[in-house]
Amino acid sequence: MTAAPLVGYSSSGSEDESEDGTRSRPGDGSHHSGQTPLPRQRFPVPDSVLNMFPGTEEGPEDDSAKHGGRVRTFPHERGNWATHVYIPYEAKEEFLDLLDVLLPHAQTYVPRLVRMEAFHLSLSQSVVLRHHWILPFVQALKARMASFQRTFIGLEVTSGHAQFLDLVSEVDRVMEEFDLSTFYQDPSFHLSLAWCVGDARLQLEGQCLQELQAIVDGFEDAEVLLRMHTEQVRCKSGNKFFSMPLK
């Protein structure tokens, strides 16, 4: 496996942002003829009451201000859980050292780039699951993941591409069972290092990517550094995480 090529890409996918709305209802009480109706007054609900029922079907409320301005790609509805299937990448110190060199250089072209907090390789798009679908969905995934072997990835997959396609095929079959969107046609598997709001491909493509690739190629032990054993597939649904071990 050679050192992984770097890629710049844009995506319409984003983190979820919830919006709460309140609706007032006119009073329907009656009053005696000739009397002025008493004004209605709303009193705040005590926190002790509001926190009595934490175990609802709602996914966690999200605030776009906490995620660099990213907004949801589908409307918020009670009981809807954003769901994503992926392979986690546990970054070692040497990988973070490489990222510490790559990111500042990329930020000279796109200053708003933000370092990823965690690293993964996607096997699905973000889809919406109803709360009561989560466990059957994960059980179906586990059944299809049970027979797969470990493989290797870099920044962009340069080996094991066929095995990843096999994994995606099985994930897609589960998506179809639940009438959900399947993965992209002819996907390019990659490990995201940083992100920013908006489409910055014009700034990243060309000279910037060439310079970043030169940094990767010249980094000590880059070929070994950018390999990893994949031991599990994960599914994140709302604030719940599920792991499916691979053989």
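Guide: Let us begin with Glu 177, which has a relative accessibility of 48% and therefore counts as partly exposed. Please keep in mind throughout that the model is predicted.

Visitor: What makes 48% relative accessibility count as partly exposed for Glu 177?

Guide: Exposed requires over 50% and buried requires under 20%, and since Glu 177 stands at 48%, the label that applies is partly exposed. Arg 144 is likewise partly exposed, because its relative accessibility is 22%.

Visitor: Why are Glu 177 and Arg 144 said to form a salt bridge?

Guide: The rule asks for a side-chain nitrogen of Lys or Arg within 4 Å of a carboxyl oxygen of Asp or Glu, and the closest N and O atoms of this pair are 3.4 Å apart, so the term applies by that definition. The pair links distant parts of the chain, with Glu 177 in helix 4 and Arg 144 in helix 3 (residues 134–145), 33 residues apart. Through shared partners, salt bridges join Arg 144, Glu 170, Arg 173 and Glu 177 into one network.

Visitor: How many salt bridges does this rule give?

Guide: The count comes to six salt bridges. One of them joins the side chains of Glu 90 and Arg 234, with an N to O distance of 3.8 Å. Glu 90 lies in the loop between strand 1 (80–89) and helix 2 (93–107), while Arg 234 lies in strand 6 (residues 232–237), so this pair ties together parts that are 144 residues apart in sequence. Another salt bridge, at 2.8 Å from N to O, is formed by the side chains of Arg 115 and Asp 100, and it connects strand 2 (residues 114–115) with helix 2.

Visitor: Which residues does UniProt list under "active site", and how do you know that they gather at one spot?

Guide: The UniProt record, an unreviewed entry, lists His 120 and His 190. They span 71 residues in sequence, yet no two of their C-alpha atoms are more than 8.4 Å apart, so they gather at one spot. His 120 is placed in strand 3 (residues 119–122), whereas His 190 is found in the loop between helix 4 (161–177) and strand 5 (194–195). Among the residues that His 120 touches are His 84, Tyr 86 and His 190.

Visitor: What makes the pair His 120 and Ser 122 a polar contact?

Guide: Their side chains are joined at 3.5 Å, and because the cut-off is a pair of N or O atoms within 3.5 Å, this value falls on the limit itself. For His 190, a polar atom of the side chain lies 2.9 Å from the backbone oxygen of Ser 188.

Visitor: Which residues have the most contacts inside the largest nonpolar core?

Guide: They are Val 85, Leu 123 and Phe 137, in a core of 30 residues. The elements that give two or more residues to this core include strand 1, helix 3 and helix 4. Leu 123 touches Val 85, Phe 164 and Val 233, among others. A second, separate core of 27 residues includes Leu 191 and Leu 204.

Note on methods: Residues numbered from 1 in each chain as written. Predicted model: local features only at pLDDT ≥ 70, side-chain atom pairs only at ≥ 80, totals over all residues. Heavy atoms only, no water. UniProt positions renumbered as here; feature names shortened; annotations may be inferred. Helix = DSSP H or I, 4+ residues; strand = E, 2+ residues; numbered from the N terminus. Contact = heavy atoms within 4.5 Å. Polar contact = N/O pair within 3.5 Å; in protein donor to acceptor, adjacent residues only side chain to side chain. Buried < 20%, exposed > 50% of the residue type's maximum accessible area, 1.4 Å probe, protein only. Core = buried A, V, L, I, M, F, W, Y, C linked by side-chain atoms within 4.5 Å. Lists of a residue's contacts leave out its neighbours within four places in sequence.
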